[in-house]
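The coordinates are shown below.

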Amino acid sequence: MSKVKQRYDRLPYPTVVVIGGGFAGLEVIRGLDGKPFKVLLLDKQNHHCFQPLLYQVATASLSADSIAHPFRRTVAPMDNVAFRMCTVQRVDPAAKLVHTDRGSFGYDKLIIATGSTTNFFNNARMEQEAMQLKSISQALDIRSDFLQDFESALYAQDEAGQRRYLNFIIVGAGPTGVEMAGALAEIRRTVLKREYRELESERMQIWLVDGNDRVLNSFSEASSAQALRYLKDMGVHVKLNARVVSYDGEQVVFMDGTTMEANTLLWAAGVKGALIPGLEAAEVPKANRYRVDRTNRLEGFPDIHVLGDVALMSEEGRWERGHPQVAPAAVQQAKLLVRNLLREAEGKALLPFAYRDKGSMATIGRYKAVVDVGRLHFGGLIAWLGWMFVHLMSLVGYRNRLQVLFNWAWKYMSWKNTIRLIIRPYVRKATPVE
Ligand SMILES: Cc1cc2nc3c(=O)[nH]c(=O)nc-3n(C[C@H](O)[C@H](O)[C@H](O)COP(=O)(O)OP(=O)(O)OC[C@H]3O[C@@H](n4cnc5c(N)ncnc54)[C@H](O)[C@@H]3O)c2cc1C
């Protein structure tokens, strides 16, 4: 056995197992680095993924490695932290064990930070046929899919066939949907026009569909209105108060009976918490989120804490029904949990969580972004630069920041980046026989 492993195994501290190295989990291990805890991080991926920039990987603006960071790199200098790549399958709170596809691990304290998955609202056919954007591999699928569609459009026999390949439907006009629609519109204006000159670029149509009466429904009305103007200026069709009821891989059917042909539909209409079997006794009031108290303790399970997207904490006032499922909420909860674990070890009283809302931002295209900070709203160039700065500074690792900065500078100055590679062709899932 290596000396490093021996030293780690013999640490005389309580064992803290963290499931999930997303925004919350990563913040916990950073906070517990060098503290009197023996920490074990478990994740099914070998890297942290910076989800806010996934859409740029999906639309070939950034390469996958520039928004991901290997856990091994983070954990290597931490003597009291170990990492195991595995999928957690079950928690046994009575035996204080976490069961995974690679073995079981005991814990004194368990921290669940498994994030969320796409919510298809029990529409199995939609889940089968639609694209989704929650991981790097899904972003690479979208990238391959739209590039394959461009190539296939050149083989289509008639205009209708070509339009089907070039029709992109995005369901859900939250930040992900709006950002994807804007990025696709930029691709049409630049890449399609310049590099697919045999195709008529106006045949590529981008539809952004939402059941609400405005885009960016969680933003201020001023930001929603400005984002809508940007989208329309860029030639995106925005279909509001419209619900998609089915999609069979070729045809979309709306609630009002109208239909549309499209080879690609991206479902960005909601997320639900990634629950772990074994905790069925826990309260899950809505959207698969565990009810936690103000210290993120899972109610009824004194040794288990839940953080981030999969946690539902009621805070009186604005956050009575839970915090938004965004990175700052996950990070702030993780920071306080670290403080509270240390306070608990010292016999001090625990501090209650209070969310500090730092605002919301979304970018639609070059020089086109919207920002809400408190009651203040602004858009345009300043908002766009602010959006880029915040995202750059939030990325993990200096190399990633430099890489993203370089890619953006190159892209927005020349529109000639070369990430548009079909390396792993996207193969549609087989449609089940009904
Ligand atoms: C496309 C997109 C764009 C977004 N844009 C923004 C934005 O602009 N601003 C913003 O603030 N937020 C944004 N969000 C939301 C933000 O990314 C989430 O709120 C945040 O990631 C939640 O952090 P978390 O730690 O709870 O979970 P995550 O960051 O999702 O991490 C969960 C981790 O758990 C691991 N995991 C899950 N289940 C298991 C299991 N069974 N076994 C082992 N490991 C497991 C996963 O591999 C993952 O690493 C966006 C999300 C998406 C998908």
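## Ligand shell

In this predicted model, α2 (23–32) and α10 (327–345) each contribute at least two residues to the shell around the ligand; helices are DSSP runs (H or I, at least four residues) numbered from the N terminus. The largest share, three residues, is from α10.

The ligand has 27 residues around it, of which Ala24, Asp43, Gln51, Asp309 and Ala327 come nearest (near: a heavy atom within 4 Å). By class, the shell holds eleven nonpolar, twelve polar and four charged residues. Ala, Val, Leu, Ile, Met, Phe, Trp, Tyr, Cys and Pro count as nonpolar, Asp, Glu, Lys and Arg as charged, and the others, including Gly, as polar.

## Polar contacts and burial

Polar contacts are pairs of N or O atoms within 3.5 Å. A ligand oxygen lies 2.8 Å from an N or O atom in the side chain of Asp309. Backbone polar atoms also take part: that of Phe23 is 3.1 Å from a ligand oxygen, and that of Val88 is 2.9 Å from a ligand nitrogen.

The ligand alone exposes 990 Å², and the protein buries 88% of that (Shrake-Rupley, 1.4 Å probe).

## Helix pair α6 and α7

Helices α6 (residues 136–153) and α7 (residues 159–166) pack at about 170°, with axes 8 Å apart; axes are lines fitted to C-alpha atoms over the stretch in contact, and angles run from 0 to 180 degrees between N-to-C directions. The two helices are therefore roughly antiparallel (over 145 degrees).

Asp149, Phe150, Ser152 and Ala153 of α6 meet Gln162, Tyr165 and Leu166 of α7 (contact: heavy atoms within 4.5 Å). These residues divide into four nonpolar, two polar and one charged.

## Basis

Residues are numbered from 1 along each chain as its sequence is written, and side-chain values use heavy atoms, without hydrogens and water. Local features need pLDDT of at least 70 and side-chain atom pairs 80 or more, while totals for chains, interfaces and linings use all residues.

Conventions: Angles under 35 degrees count as roughly parallel, over 145 as roughly antiparallel, 65 to 115 as roughly perpendicular and the rest as oblique. A polar contact is a pair of N or O atoms within 3.5 Å; within protein, one must be able to donate a hydrogen and the other to accept it, and residues adjacent in sequence count only if both atoms are side-chain atoms.
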